Amino acid sequence: EDDFQFLLCEGCRQESPHLKLLTCLHTLCLGCLGKNEPVGQCPVCCTAIPQASGLLVVDNVLFTNLQARLRVYKQMVDGVDLFCDNCRKSGEFWCSECFEFLCTKCFEAHQRYLRWDSHRAKRVMDIRAGSANDFLEGIRRTGSLSCSNPDHRSQPVSIYCQRCEKALCCSCALLDNQHAPFRDIRSETQRRQEELSSMDRELRRRRSGFEATYASLQGEAARLEEAQREMRELIRQRVEQLVRLIRQEEEELVGLVEARQEQGRRELARELQHVEGVLQRMEAGERLVEKMSLYATEQEMMDMQPFIKGSLQELQRMQPQAARDQAGPGPFAECRTRLQAL
């Protein structure tokens, strides 16, 4: 359960069959997405959700499919409702291609007619003896792409059309002369994974700049608090030496310090929130690329890679804000001048 906490909605931390991937690369269920739609911000990193964009969200098919696969694995481990999907007898085998349980008799027929179509059923007891990662890896190895033509879903796919950026079966590639040039689908999925990995490495390199900015802003916030405390103490020491006639000046000075501190705090809070949101988006990107590399089938890679790539490119274009000049007059310069005059 701890290994697959990433499958939960990042807003409510609940499991959902309808997970959506935002452009900031955080995953939300439909409920959380609806709650935050009026606000227009991601509840995790506070990044604005582009309402006018056609790519507002996409289905996180990786997480949704992983949830379905893990439910089947849990069903086998618990030994509950293990019935043949064909004749309702006791299910002794499971086919990762058909996604069905089979009794011994149906398994023999299955092996006779479908074993040459990459349908390899395994014993339920063997699957139960392995780990969830072993189970998912087996599905990943046997997972196959489907042709983009709805009429050819059952055809094996081995060709990628660079013009329309879709996976094709041999029939589509031969009969439709609009598809060209071609590339091997295995090479294309490998290229896409390498492209995401390369972008992930670049983000990791750039992340240090944002982390340095975040640390600098935190330090500045601490210095601002310290300066506020020092100034209030100095004001109290000086004002105590004055007569009753200048008590009003004391109150004005304290009020000015509070106003400058609150103004600086709000500015720093906005900057910290922005940088923290960018870091969370980068972390989400790293985590998603990692999970794509570990668990995504070729179909999931083909479906999700362009969207993820666009979001990662947006992150790559961001630059960390330069640290503020510490040699400036500071937020309490006006207060110091008035205090000296007093």
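The lining of the largest cavity in this predicted model comprises six nonpolar, one polar and two charged residues. The residues concerned are Phe-6, Glu-10, Leu-21, Leu-25, Thr-27, Phe-63, Ala-284, Arg-287 and Leu-288. Helix α8, which spans residues 247-295, makes the greatest contribution to this lining, supplying three residues. The volume of the largest cavity is about 60 Å³, and a search of the whole structure finds one cavity of 30 Å³ or more.

Attention may now turn to an annotated part of the chain. In an unreviewed entry, UniProt records the feature "domain: RING-type" at residues 9-45. Over residues 9-45, helix accounts for 19% of the chain and strand for 19%.

Where is Ser-16 found? It belongs to the segment before strand β1, which covers residues 19-22. Is Ser-16 buried or exposed? Ser-16 has a relative accessible area of 10%; because buried means under 20% relative accessible area, Ser-16 is classed as buried.

The surroundings of Ser-16 can be described in two steps. Within the chain's local course, a polar atom of the Ser-16 side chain lies 3.1 Å from the backbone nitrogen of His-18. When neighbours within four places in sequence are left aside, Ser-16 is in contact with Cys-29 and Gln-67.

Definitions and conventions. Residues are numbered from 1 along each chain as its sequence is written. This is a predicted model: local features need pLDDT of at least 70, side-chain atom pairs count only at pLDDT 80 or more; totals for chains, interfaces and linings use all residues. Side-chain values use heavy atoms; hydrogens and water are left out. UniProt positions are given in the numbering used here, feature names are shortened, and annotations may be inferred rather than shown by experiment. Helices (H or I, at least four residues) and strands (E, at least two) are DSSP runs, numbered from the N terminus. Buried means under 20% relative accessible area, exposed over 50%, partly exposed in between (1.4 Å probe, protein chains only). A polar contact is a pair of N or O atoms within 3.5 Å; within protein, one must be able to donate a hydrogen and the other to accept it, and residues adjacent in sequence count only if both atoms are side-chain atoms. Contact means heavy atoms within 4.5 Å. On a 1 Å grid over the protein atoms alone, a cavity is a set of points where a 1.4 Å probe fits but cannot get out, and a pocket is an open set with protein on both sides within 12 Å along at least five of seven lines; lining residues have an atom within 4 Å of a point. Grid points are joined across faces, edges and corners, and a volume is the space filled by probe spheres set on the points. Ala, Val, Leu, Ile, Met, Phe, Trp, Tyr, Cys and Pro count as nonpolar, Asp, Glu, Lys and Arg as charged, and the others, Gly among them, as polar.
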